[in-house]
Amino acid sequence: MAKVLTARAVEAAKGGDTRREIPDGGLPGLYLVVQPSGVKSWAVRYRHDGKPRKFTVGGYPLLSLAEARARAGE
């Protein structure tokens, strides 16, 4: 099971060699996406008609962790 993300962990996430998706244990399906450049965004992964889908909720820091959880829960 994924660890619950904290505001401090989101702030500290750095870009690397590849794009990373860090799952949030506080809301299944919510991910922090960190690009190699260091740009961060929020995304939700779900299934529709049996097919996997991804929806980008918004960018960080425009959307905080709490706001991303609220929007993803909708």
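This report walks through the fold, the core and a few local details of a predicted model.

**Overall build**

Let's start with the chain as a whole. The chain holds two helices and four strands, and reading from the N terminus the order is α-β-β-β-β-α. For 74 residues, a compact globule would come out with a radius of gyration near 11 Å, and the chain has 12 Å, so the two agree. Along the principal axes, the C-alpha atoms take up a box of roughly 35 × 25 × 25 Å.

Burial and surface come next. Out of the 74 residues, 27% count as buried. The accessible surface of the chain is about 5,000 Å², and carbon and sulfur atoms own 54% of that. As for how the chain folds back on itself, take the contacts between residues at least 6 apart in sequence: 23% of them join residues at least 24 apart.

**The core**

The largest nonpolar core is made of 13 residues. Those with the most contacts inside this core are Leu 5, Val 10, Leu 30, Leu 32, Trp 42, Val 44 and Val 57. Strands β2 (30–34) and β3 (40–48), along with helix α2 (65–73), are the elements that give two or more residues to it.

Leu 30 deserves a visit of its own. Leu 30 sits in strand β2 and is buried, with a relative accessible area of 1%. Which residues does Leu 30 touch, once those up to four places away in sequence are left out? The list runs through Ile 22, Pro 23 and Asp 24, then Trp 42, Ala 43 and Val 44, and finally Ala 68, Arg 69 and Ala 72. Trp 42, Ala 43 and Val 44 fall in β3 (40–48), and Ala 68, Arg 69 and Ala 72 fall in α2 (65–73). Leu 30 and Lys 40, meanwhile, are ten residues apart in sequence and 13 Å apart in space, going C-alpha to C-alpha.

Trp 42, one of the partners of Leu 30, is found in strand β3. Trp 42 counts as buried, at 0% relative accessibility. The C-alpha atoms of Trp 42 and Gly 59 are 17 residues apart along the chain, yet their separation is 6.0 Å.

**Helix α2 and its two sides**

Which residues of α2 are buried? They are Leu 65, Ala 68 and Ala 72. These three cover an arc of only 60° around the axis, so they end up on the same side of α2. Over on the other side of α2, Ala 66 and Gly 73 are exposed. The cover over the buried residues of α2 includes α1 (7–12), β2, β3 and β4 (51–60). Ala 68 and Ala 72 also turn up among the contacts of Leu 30.

Strands β3 and β4 run antiparallel, with nine bridges joining them. Is Asp 49 buried or exposed? Asp 49 is exposed, with a relative accessible area of 68%.

**Two loops worth a look**

Gly 25 is in the loop between β1 (20–23) and β2. With a relative accessible area of 18%, Gly 25 is buried, because the cut-off is under 20%. Setting aside neighbours within four places in sequence, Gly 25 makes contact with Met 1, Ala 2, Lys 3, Val 4 and Leu 5. Leu 5 is also one of the core residues listed above. Gly 25 and Val 39 are 14 residues apart in sequence and 21 Å apart in space, C-alpha to C-alpha.

The other loop, between β4 and α2, contains Pro 61. The peptide bond leading from Tyr 60 to Pro 61 is cis, with omega near 15°.

**Accessibility at a glance**

Here are the residues discussed above with their relative accessible areas.

| Residue | Relative accessible area | Class |
|---|---|---|
| Trp 42 | 0% | buried |
| Leu 30 | 1% | buried |
| Gly 25 | 18% | buried |
| Asp 49 | 68% | exposed |

Notes. Residues are numbered from 1 along each chain as its sequence is written. This is a predicted model: local features need pLDDT of at least 70, side-chain atom pairs count only at pLDDT 80 or more; totals for chains, interfaces and linings use all residues. Side-chain values use heavy atoms; hydrogens and water are left out. A nonpolar core is a set of buried Ala, Val, Leu, Ile, Met, Phe, Trp, Tyr and Cys residues joined through side-chain atoms within 4.5 Å. Buried means under 20% relative accessible area, exposed over 50%, partly exposed in between (1.4 Å probe, protein chains only). Contact means heavy atoms within 4.5 Å. The arc is that of the directions from the helix axis to the C-beta atoms. The radius of gyration is taken over C-alpha atoms; the globule rule is 2.2 Å times the number of residues to the power 0.38. Accessible areas come from the Shrake-Rupley method with a 1.4 Å probe; for residues, only the protein chains shown count as cover. Two strands pair if DSSP finds at least two bridges between them.
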